[in-house]
Amino acid sequence: IKSLLVLKVGNRLGLLAHGDNDIRNHAWFNTIDTSKLLKKQISAPWVPLVKDPFDTSHFDRYAPDENHQAGKAPTEEQQKHFVDF
């Protein structure tokens with residue numbers, strides 16, 4: 001984890017000479033089959049129950065940001081970013 005949180009971005013794990021392979025090949029991740037993960041063939045270890053698309057009960061509460069538009073559904077353009085999510 002320390003290698004992912006290095007202050008200087010260029011020295012972080014995943015941004016070194018071998019790129020994301022440095023992360024994939026790290027001992028901490030050796031139980032994860034990354035090829036299955038990338039193909040979305042691994043089930044999530046926990047799936048939260050949600051009431052609706054706007055259910056935020058599993059997140060900490062914060063003071064609203066002045067640019068935040070609470071309760072407003074994402075636009076079609078914004079939704080395009082999540083097509084395969």
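A polar contact is a pair of N or O atoms within 3.5 Å, and within protein one of the two must be able to donate a hydrogen and the other to accept it. In this predicted model, such a contact of 2.8 Å joins the side chains of Asp-55 and Ser-57. A search of the whole structure also finds two salt bridges, and the structure holds one aromatic pair.

**Asp-55 and its surroundings**

- Asp-55 lies in the loop between α2 and α3, where its side chain has the polar contact with Ser-57 already described.
- Asp-55 is buried and yet has no salt bridge, the nearest side chain of opposite charge being that of Lys-51, which is 4.5 Å away.

**Salt bridges**

- Side chains of opposite charge can pair when their charged atoms come close.
- In one of the two salt bridges, the side chains of Arg-24 and Asp-20 meet with an N to O distance of 2.6 Å. Arg-24 is partly exposed at a relative accessible area of 31%, and Asp-20 is likewise partly exposed, at 38%.
- Lys-80 forms a salt bridge with Glu-77, in which the closest N and O atoms are 3.4 Å apart, and both Lys-80 and Glu-77 are exposed.

**The aromatic pair**

- The one aromatic pair is formed by Trp-28 and Phe-29, whose ring centres are 4.8 Å apart and whose planes stand at 80 degrees, so the pair is edge-to-face.
- Trp-28 is exposed, with a relative accessible area of 60%, whereas Phe-29 counts as buried because its relative accessibility is 18%.

**The nonpolar surface patch**

- Ile-1, Leu-4 and Leu-5 form a nonpolar patch on the surface, and together these residues have about 320 Å² of accessible area.
- Within this patch, Leu-4 is found in the segment before α1, the helix that spans 21-24, and Leu-4 counts as partly exposed because its relative accessibility is 31%.

**A positive phi at Lys-40**

- Lys-40 has a positive phi of about 60 degrees, although Lys-40 is not a glycine.
- The place of Lys-40 is in the loop between α2 (34-38) and α3 (76-79), and at 57% relative accessibility Lys-40 counts as exposed.

Terms used:
Residues are numbered from 1 along each chain as its sequence is written. This is a predicted model: local features need pLDDT of at least 70, side-chain atom pairs count only at pLDDT 80 or more; totals for chains, interfaces and linings use all residues. Side-chain values use heavy atoms; hydrogens and water are left out. Patches are made of residues with over 30% relative accessible area and no salt bridge: like charges are joined within 9 Å, nonpolar side chains (Val, Leu, Ile, Met, Phe, Trp, Tyr) within 5 Å. Accessible areas come from the Shrake-Rupley method with a 1.4 Å probe; for residues, only the protein chains shown count as cover. A salt bridge is a side-chain nitrogen of Lys or Arg within 4 Å of a carboxyl oxygen of Asp or Glu. Helices (H or I, at least four residues) and strands (E, at least two) are DSSP runs, numbered from the N terminus. Buried means under 20% relative accessible area, exposed over 50%, partly exposed in between (1.4 Å probe, protein chains only). Rings of Phe, Tyr and Trp (its six-membered ring) pair if their centres lie within 6.5 Å; planes under 30 degrees apart count as stacked, over 60 as edge-to-face and the rest as tilted. Lys and Arg count as positive and Asp and Glu as negative; His and the chain ends are not counted.
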